[in-house]
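User: Can you walk me through this one? I have a few quick questions.
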Amino acid sequence: MNRSADSDAAATAEPLLALRAVSHAYARTPALREVSLTVRPGEVVAVTGPSGCGKSTLLHVAAGLLKPHAGDVHLLGRDLAGLDEPARAVLRRREVGIVLQYGQLVPDMALEDNVALPLLLEGGDLGASRTAARDALARVGLEQAGTAVPEELSGGQAQRAAIARALITSPRLLLADEPVASLDAVGAQDALDLLLSVARRDGGAVVLVTHDNTAAALADREVRLRDGSVERESVLR
Ligand SMILES: Nc1ncnc2c1ncn2[C@@H]1O[C@H](COP(=O)(O)OP(=O)(O)OP(=O)(O)O)[C@@H](O)[C@H]1O
Ligand SMILES: [Mg+2]
């Protein structure tokens, strides 16, 4: 399929993520102001903008980790306002891969179990889940680190482990917040290849929060935030 046929298909497909007029504030700090964003199958959407503009808040709202004060969020076709936290957790675990900006590995848990966790929580067999986790760790260059605990890792190693865990369930939608910020240039390129592969799979899509222009340039679309609002939206390919 050529590019324009691809984008025609994306334009008609059911969105994997739809935010409509979402606003949020922390105490008196407004973080999002009437932000709308639609992500369809096959798309990689970069969310960019200066520090503090609301990128992480947007990602947490999209993932149902934070309930916005106004507006609505549909994730994988489900209205998040209509789901309680256990239902949102199941939806995330089964269909969404999430790489957060800070500390999401469970302390004192071996890396291989940290990465296996999404499978184990779904009732996966311990041995098979650990084998899958070791494979996932090998894909991010951490084949030797399965028995390490998070505090023994460098920032970049922890980030790669978080990527392995986000991808272990083969999610349809990947939400990643500065996923390569702690990696060197080669590591970042490899990790981005892996992350963006989610959108190359049938029906998948990626939201990539990044301040890195090289990473943003890999997206199909860029949504730039400023002071909690969408400042500009550009089609890149
Ligand atoms: N838990 C919180 N409590 C209070 N204010 C917060 C909290 N989290 C974020 N903020 C504020 O909300 C605004 C948006 O923050 P957010 O973390 O979404 O920005 P960001 O674009 O991800 O920044 P960065 O690029 O530095 O990661 C900022 O003004 C920030 O200070
Ligand atoms: Mg952030």
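User: What kind of model is it, and how are things numbered?
Analyst: This is a predicted model: local features need pLDDT of at least 70, side-chain atom pairs count only at pLDDT 80 or more, and totals for chains, interfaces and linings use all residues. Residues are numbered from 1 along each chain as its sequence is written, and chains are lettered from A and ligands numbered from 1 in the order in which they are written.

User: How many helices and strands does the protein have?
Analyst: Eight helices and ten strands. These are DSSP runs numbered from the N terminus: H or I with at least four residues for helices, E with at least two for strands.

User: Which residues are around ligand 1?
Analyst: Tyr-26, Thr-29, Ala-31, Ser-51, Gly-52, Cys-53, Gly-54, Lys-55, Ser-56, Thr-57, Gln-101 and His-211. The cut-off is a C-beta atom, placed from the backbone, within 6 Å.

User: Which element gives the largest share of that shell?
Analyst: α2, with three residues. β2 (29-39) and α2 (55-62) each supply at least two.

User: And by class, what does the shell have?
Analyst: Three nonpolar, eight polar and one charged. Here Ala, Val, Leu, Ile, Met, Phe, Trp, Tyr, Cys and Pro count as nonpolar, Asp, Glu, Lys and Arg as charged, and the others, Gly among them, as polar.

User: Switching to the sheet. In what order do the six strands come?
Analyst: β6-β7-β8-β3-β9-β10, an open sheet with mixed pairing. Strands pair if DSSP finds at least two bridges between them. β6 (96-99) and β10 (229-235) are the edges; each has a single partner strand, so one side of each lacks a neighbour in the sheet. Neighbouring strands are turned by 15 degrees against each other on average, direction ignored.

User: What packs on it?
Analyst: α2 does, touching β3 (44-48), β7, β8 and β9 (221-226), with its direction at about 150 degrees to that of β8. Helix α6 (residues 155-167) also packs there, touching β6 and β7, at about 170 degrees to β6. Contact means C-beta atoms, placed from the backbone, within 7 Å. Axes are lines fitted to C-alpha atoms, for helices over the stretch in contact, and angles run from 0 to 180 degrees between N-to-C directions.

User: How many residues of β10 are buried?
Analyst: Zero of seven, so β10 lies largely in the open. Buried means 20 or more other C-beta atoms within 10 Å of the residue's own, exposed 12 or fewer, partly exposed in between, with C-beta atoms placed from the backbone. Across the protein, 43% of the 237 residues count as buried.

User: How does β10 join β9?
Analyst: Through six bridges, antiparallel. Arg-221 stands opposite Val-235. Their hairpin has two residues between the strands, and Asp-227 takes a positive phi near 50 degrees.

User: Where does Asp-108 lie, and is it buried or exposed?
Analyst: In the loop between β6 and α4 (111-121). Asp-108 is exposed, with 9 other C-beta atoms within 10 Å. Its phi is positive, about 60 degrees, although it is not a glycine.

Methods
Contact = placed C-beta atoms within 7 Å.
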